[in-house]
Amino acid sequence: MDSHDWTSVRAQFNLSPDYVHISNFFLASMPLPVREALARHRKAFDENPYTYLEDHMFAKPQDMVWRKVCAAAAEYIGGKPEEVALTTSTTQGLSMIYNGLHLRADQEILTTHHEWYTHDEAMRLAMLKLGGSIRRIELYRDRSEVTVDAIVQRIGDAIRPNTRLVAMTWVHSGTGVRLPLKEIGEVIAQANRRRKADDQILYVVDGVHGFGCVDEDVASLGCDFFSAGTHKWIMAPHGTGLVWAKAEHWAQVIPTIPTIMAAEPSNAWRQQRDPQGPTEASWVSPGGFLAFENQWATIEAFEFNRKLGRKRIADRVSQLNGLLKEGLDAMPHVTLHTPLPAQLSAGIVCCEVKGHSPREVVEVLKQHKIIASATPYRHSTVRFSAGIVNSPQDIEKTLAVMRSLG
Ligand SMILES: Cc1ncc(COP(=O)(O)O)c(C=O)c1O
């Protein structure tokens, strides 16, 4: 692969050449090095499952492959390997957090009406079992209301003395709006300065649609818990994800599903005692046995991102989706829901077409061999998502069909 030639990059993927794949936010097509790693692990598991797992998971701490996955993730995140818990999806990670942080009955989660179903539902189910309430606010009605100052002010104004968690999503998959995570973190930090140590607000982020397409060190965004699948923008195998948090925040979590990635909990069980010391990230990584070949081939996915460069990927995603937004915004029959400024969106573009339901639009696009989606939110929109596998020609083709609907 010539990593500076996007045609050469596209050739790393087995995506059908018959289609314009412009729903790249959804589920990754894996690049060649990831497919090769996956095939290598799968073959070894089929040949000798006991020994391959024992040697790479349990025998020697330095040979535990999951540690290498955490190291690769930490390098990408700008954090430490021991701050990373491995999960199978964004949803699973969020559930681990909400089920692990016990709110008092009088405390609340402050969140928004813009969350994806599984994020909202993860909170609801945890609060149902554990107590605590959820308050949802609207951050914007349409894209004209999306500015950094307006969003930060709405969240700052909504924080109450009993707000214990603030739960946000980096990039809304129903509108394409990217939230200013750092600035939101600052307003939360400000509120925390007036609070006691055991009453600090924790800032939880569903980061999946920024993770892999925005050039940021996640560890420096100011959030306390960051959950993201790696099977979307990071281009790792399906059923992979992570949660990043600092040690002081992991210490506040009670694990929900027993782990097989840390010695202390199972040693404690053998010795008929409670685990000693604070909860660590690895204790929250759910066991039992997993699709290990998928989890382990995530190393090659981070390596692929590193080779291409996080900034180059982010710039390409921004450029292609920028072309798409501008083209759509110029069409009188299209209402664009995603803000035009690059810093207020990432790799998702949502719109509506006068006189056509989102499903009808998606069907017309499909007839032209363009793969878009209709969002499964309360208010459905047409959704596009250009990634590094796309070209400016793909955007032109898409815009031509959208123009024809006028
Ligand atoms: C904002 C958002 N969060 C979470 C998810 C679910 O991600 P996962 O399948 O990794 O749980 C989605 C699905 O695309 C999403 O749009």
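In which helix does R359 lie? The legends below begin with this residue.

**View 1. The exposed residue R359 in helix α15.** R359 belongs to helix α15, which covers residues 358-367; helices (H or I, at least four residues) and strands (E, at least two) are DSSP runs, numbered from the N terminus. The model is predicted: local features need pLDDT of at least 70, side-chain atom pairs count only at pLDDT 80 or more, and totals for chains, interfaces and linings use all residues. Residues are numbered from 1 along each chain as its sequence is written, and side-chain values use heavy atoms, with hydrogens and water left out. R359 counts as exposed because its relative accessibility is 70% (buried means under 20% relative accessible area, exposed over 50%, partly exposed in between, with a 1.4 Å probe and protein chains only). From C-alpha to C-alpha, R359 and A247 are 45 Å apart in space and 112 residues apart in sequence.

**View 2. The buried residue I97 in helix α5.** Helix α5 spans residues 90-100 and contains I97. With a relative accessible area of 1%, I97 is buried. Leaving aside residues up to four places away in sequence, I97 touches V204, F225, S227 and V243 (contact means heavy atoms within 4.5 Å).

**View 3. The packing of helices α2 and α3.** Two packed helices are described by the angle between their axes and the distance between the axes. For α2 (residues 32-47) and α3 (residues 49-58), the angle is about 125 degrees and the axes are 5 Å apart. Axes are lines fitted to C-alpha atoms, for helices over the stretch in contact, and angles run from 0 to 180 degrees between N-to-C directions. The two helices, α2 and α3, are therefore oblique to each other (angles under 35 degrees count as roughly parallel, over 145 as roughly antiparallel, 65 to 115 as roughly perpendicular and the rest as oblique). On the α2 side, H41, A44, F45, D46 and E47 meet P49, Y52 and L53 of α3.

**View 4. Helix α14 and its buried residues.** Helix α14 (residues 310-329) has 20 residues and reaches 28 Å from its first C-alpha to its last. Among its buried residues are I313, V317, L320 and L324. The elements against which the buried residues of α14 pack include α1 (6-10), α13 (298-308) and β10 (349-353).

**View 5. The two domains of the chain.** Domain 1 comprises 6-22 + 309-404, and domain 2 comprises 44-306; these bounds come from an automatic or database domain assignment. In the contact between them, 32 residues of domain 1 meet 28 residues of domain 2.

Note on methods
The expected span of a helix is 1.5 Å times one less than its number of residues.
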